[in-house]
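Hello,

Here is the structure I promised to pass on.

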Amino acid sequence: MSNVVTLHTDKRWKAVIEYNGGRGLESATHYFEEVSELHLIIEHGTDWNHLAQCVLTLNRTDDGSAQNMQGKVRSNEKC
């Protein structure tokens with residue numbers, strides 16, 4: 001099962017969380033801005049007691065050139 005909870009390409013982080021439920025592995029993808037939000041996402045997810053894996057990655061399409069909000073503002077001004 002694949003479940004995209006929130007899809008915002010401008011969010012900084014992407015977490016793919018797998019839970020080992022009664023029907024096998026279930027996957028949920030979450031996009032969020034601050035890494036400090038991750039614990040709430042996991043705790044309010046399916047069942048954190050069945051957490052199998054969480055893969056956290058930077059959600060970038062710029063190959064790392066915009067490191068912070070100032071970089072995003074500058075790149076948006078060029079458009």
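A salt bridge here is a side-chain nitrogen of Lys or Arg within 4 Å of a carboxyl oxygen of Asp or Glu. Before the details, please note that this is a predicted model, in which local features need pLDDT of at least 70 and side-chain atom pairs count only at pLDDT 80 or more, while totals for chains, interfaces and linings use all residues. Residues are numbered from 1 along each chain as its sequence is written, and side-chain values use heavy atoms, with hydrogens and water left out.

Arginine 12 meets glutamate 33 at 3.4 Å, N to O. Arginine 12 sits in the loop between β1 and β2, and glutamate 33 in the loop between β3 (24-32) and α1 (38-43), so this pair ties together parts 21 residues apart in sequence. The other salt bridge of arginine 12 goes to glutamate 34, at 3.8 Å, N to O. That pair also links distant parts of the chain, 22 residues apart, with glutamate 34 in the loop between β3 and α1.

How accessible are these residues? Going by relative accessible area (buried is under 20%, exposed over 50%, partly exposed in between, with a 1.4 Å probe and protein chains only), glutamate 33 counts as buried at 18%. Arginine 12 is partly exposed at 33%, and so is glutamate 34 at 38%.

The count comes to three salt bridges. One of them joins the side chains of arginine 23 and glutamate 26 at 2.8 Å, N to O. Here arginine 23 is exposed at 69%, whereas glutamate 26 is buried at 12%.

Lysine 11 lies in the loop between β1 and β2 (13-21). Leaving aside residues up to four places away in sequence, lysine 11 touches Tyr31, Phe32, Glu33 and Asn59, where a contact means heavy atoms within 4.5 Å.

As for the whole chain, the elements run β-β-β-α-β-α from the N terminus; helices (H or I, at least four residues) and strands (E, at least two) are DSSP runs, numbered from the N terminus. The mean pLDDT (the predictor's confidence in each residue, from 0 to 100) is 78, and 66% of the residues reach 70 or more. Where pLDDT is low, the predicted coordinates should not be read in detail.

Best wishes
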